[in-house]
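Subject: Structure handover

Hello,

Here is the structure we talked about. My notes on it follow below.

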Amino acid sequence: MGKGKKVTVVGAGFYGSTTAQRLAEYDVFDTVVLTDIVEGKPEGLALDLNQSRSIEGFETKVVGATTGLDGSGYEAIAGSDIVVITAGLPRKPGMSRMDLLEVNAKIVRGVAEQVAKHAPNAVVIVVSNPLDEMTALAQLATQFPKNRVIGQAGMLDTARFTHFVAEELGVPVGSVKTLTLGSHGDTMVPVPSRCTVDGKPLSGLLPAEKIDELVTRTRNGGAEVVALLKTGSAYYAPSAAAARMAKAVAEDSGEVMPVCAWVDGEYGISGVYLGVEAAIGATGARNIVLTDLNESELAGLKEAAEAVRAKQADVAGL
């Protein structure tokens with residue numbers, strides 16, 4: 001189990017603070033550290049979370065730390081086993097994830113360099129957008145082994161797909177199994193051939209055009225939330241996904257999850273961070289788990305790889 005472990009969440013916005021809450025309430029960590037550049041904000045949230053411990057029945061201690069662009073305050077994350085990077089600007093209505101590339105690259109690089117300095121043995125989980133590119137940048141900035149830097153995308157996109165299928169069919173979400181691979185963006189690859197409801201293929205329960213509609217809605221799932229909120233972006237489902245990944249690392253569970261991981265030969269794709277299934281444990285992505293894809297799904301995955309590869313090359317200099 002994760003007791004004795006320390007996890008840090010960088011960024012105390014809605015996403016980061018909700019992730020910290022989920023991690024604390026799991027009660028599998030000794031300490032959750034929450035950091036932010038807004039003075040007093042992480043300390044205030046930590047105090048508030050700690051005061052909920054007796055109500056929710058968890059002992060994990062939450063520590064808040066204000067950090068500076070000069071690296072001050074990052075000593076609080078020292079020795080963290082896991083670091084979740086949520087820092088960066090959220091999308092606004094009409095913005096794509098790629099619109100955040102340059103501004104968030106500077107933020108993520110600065111954070112990653114501090115993680116390498118103070119928590120050199122950590123597994124890093126990146127959630128900042130654009131996700132695939134920021135995951136690649138975090139690995140370059142930390143110089144950590146590629147398996148120890150992973151991104152949260154497929155867990156969220158798969159959860160969205162599952163929700164939409166369950167709502168369409170009027171069935172419990174627990175009876176639905178879906179899968180989403182590829183990039184966290186326009187080249188996302190929902191995998192209908194792997195989708196089942198109570199073990200029955202989705203293709204036998206919904207017409208192809210309806211499945212295509214759900215695939216499109218999944219691909220645009222984040223934008224749909226952003227448009228409704230007007231300010232800010234999704235954080236309940238994303239934080240649940242990131243927290244589950246961190247829990248799998250802490251418990252060295254080996255649970256197979258769709259994540260952004262380094263692909264080097266799998267599916268005939270090499271040298272790129274991409275959304276695939278991987279066994280998650282104490283070392284991050286233990287190994288990529290291959291799944292049967294039909295011809296169009298494999299083509300979509302390869303298309304996603306090339307689109308992401310081009311952008312990942314761009315971030316190296318940012």
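**Core**

The largest nonpolar core has 53 residues, and L23, I82, V84, I125, I269, L274 and I280 are the ones that touch the most other members. Helix 9 (residues 236-250) gives the largest share of this core, eight residues. A separate core holds 29 residues, including I77, I85, A112 and A141. A nonpolar core here is a set of buried Ala, Val, Leu, Ile, Met, Phe, Trp, Tyr and Cys residues joined through side-chain atoms within 4.5 Å. Buried means under 20% relative accessible area, exposed over 50%, and partly exposed in between (1.4 Å probe, protein chains only). Helices (H or I, at least four residues) and strands (E, at least two) are DSSP runs numbered from the N terminus.

This is a predicted model: local features need pLDDT of at least 70, side-chain atom pairs count only at pLDDT 80 or more, and totals for chains, interfaces and linings use all residues. Residues are numbered from 1 along each chain as its sequence is written, and side-chain values use heavy atoms, with hydrogens and water left out.

**Contacts**

Beyond four places in sequence, I82 touches K6, V7, T8, F29, A122, V123, I125, A246, V249 and A250, where contact means heavy atoms within 4.5 Å. K247 sits in helix 9 and counts as buried because its relative accessibility is 18%. With neighbours within four places set aside, K247 is in contact with Y26 and V28.

**Cysteines**

The disulfide count is zero, taking a disulfide as a pair of cysteine sulfur atoms within 2.5 Å. C195 is buried at 2% relative accessible area, and C260 is buried at 1%.

**Backbone**

Most residues other than glycine have a negative phi, and most peptide bonds are trans. The bond from N129 to P130 is cis, with omega near -5 degrees; P130 is in the loop between strand 5 (123-126) and helix 5 (131-142). Q143 has a positive phi, near 60 degrees, and lies in the loop between helix 5 and strand 6 (149-151). Q143 is exposed, at 60% relative accessibility. D252 also has a positive phi, near 50 degrees, in the loop between helix 9 and strand 12 (255-264). D252 is partly exposed, with 38% relative accessible area.

Regards
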